Amino acid sequence: MAKTTIKHLSFEEPLLELRKKIDELKEYTATADVDLTEEITSLEGRLEKLEKETYENMKPWDRVQVARHPKRPTTLDYIPLLFGDFLELHGDRQFGDDQAIVGGIASFKGRPVTVIGHQRGRDTKENVRRNFGMPHPEGYRKALRLMEQAEKFNRPIICLIDTKGAYPGKAAEERGQSEAIARNLVEMAGFTVPIISIVIGEGGSGGALALGVGNHILMLENSTFSVISPEGAASILWKDAALAQTAAEAMKITASDLLELGIIERIIPEVRGGAHHDEVQQARFIEEAIEQSLVELGGMNGDELVAQRYDKFKAIGVYGE
């Protein structure tokens, strides 16, 4: 992906200015009879150091911005890079086909698996078609249908989570949004095949958890996972959505926070600057994490997988003095 097509975020402005200065010096050297190699080398060294400092010390709100980056790879970007022979399956057999969730059967290193993930759009037209990655009840029922099929044929289930949350509109409520999410939670808890859930962008509310009852929950380094968005939390706590940055600091929504709290098993590293800078390399990091989880879970039988999942979620939120 060409760097010139990437939208820069506010915390990246100092990097952008320094890159611009380097490009100007290179252009001047090429067109004028002046050798600025020493100055350019010095600035490139400063840029390398500044990039390292910037991306290794990102604040929670910085990570929220990266998780929401419009060029961040989606489920359908990763599937061809991670899996072979993907066959997308459609519909919930009750109402329709929700395009905010995609799923089907595929192979991972020669092993049959079921892949399910949230899907947002790349532009306004596709976002409207996919409802900005916010599923209706039929999306979750489609996901459950595919999981039940995976259970029947003993295929591991791999879920890619990337949603602001389930769609909160009137039509979704009329068709049983809360029941669809709740049923997914109940059924996922009892499946006897390995379930790996990976947060690749935003993991928002029950809309994310409906694909998140996994034996292993993994998160990309710059993804977020929370019961509510920072804007929503700020609106409730302080009646001001503009305080979202403050809320993000307090909510413990980053991968490092959730690993420390024992909610996730592993952080998947991202390429410098975020997954949108090199989705092919990012897919390699995800592939390694999936393979590691499948190996770790592969020694468990069905009853042990259910028990491990039960114990994992039972322990969440329990603290000792």
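Predicted model: local features only at pLDDT ≥ 70, side-chain atom pairs only at ≥ 80, totals over all residues.
Is Leu243 buried or partly exposed, and what is its relative accessibility?

1. Leu243 is partly exposed, because its relative accessibility is 32%, whereas a buried residue would have to lie under 20%. Leu243 sits in the loop that connects helix H10 (230-238) with helix H11 (244-251). Together with Ile236, Leu237 and Trp238, Leu243 makes a nonpolar surface patch of about 400 Å².

2. **Helix H10.** The buried residues of this helix are Pro230, Gly232, Ala233 and Ala234. These buried residues pack against H3 and H11. Just after H10, Lys239 adopts a positive phi of about 60°.

3. **Trp61 in helix H3.** Trp61 belongs to helix H3, which covers residues 60-67. With a relative accessible area of 18%, Trp61 counts as buried, since the cut-off for that class is under 20%. Leaving aside residues up to four places away in sequence, Trp61 touches Arg68, Pro230, Glu231, Ala244, Gln245 and Ala248. Trp61 and Ile253 are separated by 192 residues in sequence, yet their C-alpha atoms are 9.7 Å apart in space.

4. **Strand S6.** Why can strand S6 (residues 216-220) be described as largely enclosed by the rest of the structure? The reason is that five of its five residues are buried. In a regular strand, side chains alternate between the two faces of the sheet. Both faces of S6 are covered: His216, Leu218 and Leu220 are buried on one side, and Ile217 and Met219 are buried on the other.

5. **Strand partners of S6.** S6 pairs in the parallel sense with strand S5 (residues 195-204) over four bridges. S6 also pairs in the parallel sense with strand S8 (residues 266-268), here over three bridges. Leu218 of S6 is placed opposite Ile198, and Leu218 also stands opposite Arg266 in S8.

6. **Glu138 in helix H6.** Is Glu138 buried or exposed? Glu138 counts as buried, because its relative accessibility is 7%. This residue is found in helix H6, which runs over residues 137-152. Its contacts, not counting residues up to four places away in sequence, are Asp92, Phe95, Gly96, Asp98 and Arg175.

7. **Positive phi at Phe132.** Most residues other than glycine have a negative phi. Phe132 is not a glycine, but has a positive phi of about 55°. Phe132 lies in the loop between helix H5 (124-129) and H6. Phe132 counts as partly exposed because its relative accessibility is 44%.

8. **Positive phi at Ser205.** Which phi value does Ser205 have? Phi of Ser205 is near 60°, a positive value in a residue other than glycine. Ser205 lies in helix H9, which spans residues 205-209. With a relative accessible area of 33%, Ser205 is partly exposed.

Notes
Residues numbered from 1 in each chain as written. Heavy atoms only, no water. Patch = residues over 30% accessible without salt bridge, like charges linked within 9 Å, V, L, I, M, F, W, Y side chains within 5 Å. Areas by Shrake-Rupley, 256 points an atom, 1.4 Å probe, with all protein chains shown as cover. Salt bridge = Lys/Arg side-chain N within 4 Å of Asp/Glu carboxyl O. Helix = DSSP H or I, 4+ residues; strand = E, 2+ residues; numbered from the N terminus. Buried < 20%, exposed > 50% of the residue type's maximum accessible area, 1.4 Å probe, protein only. Contact = heavy atoms within 4.5 Å. Pairing = 2+ DSSP bridges.
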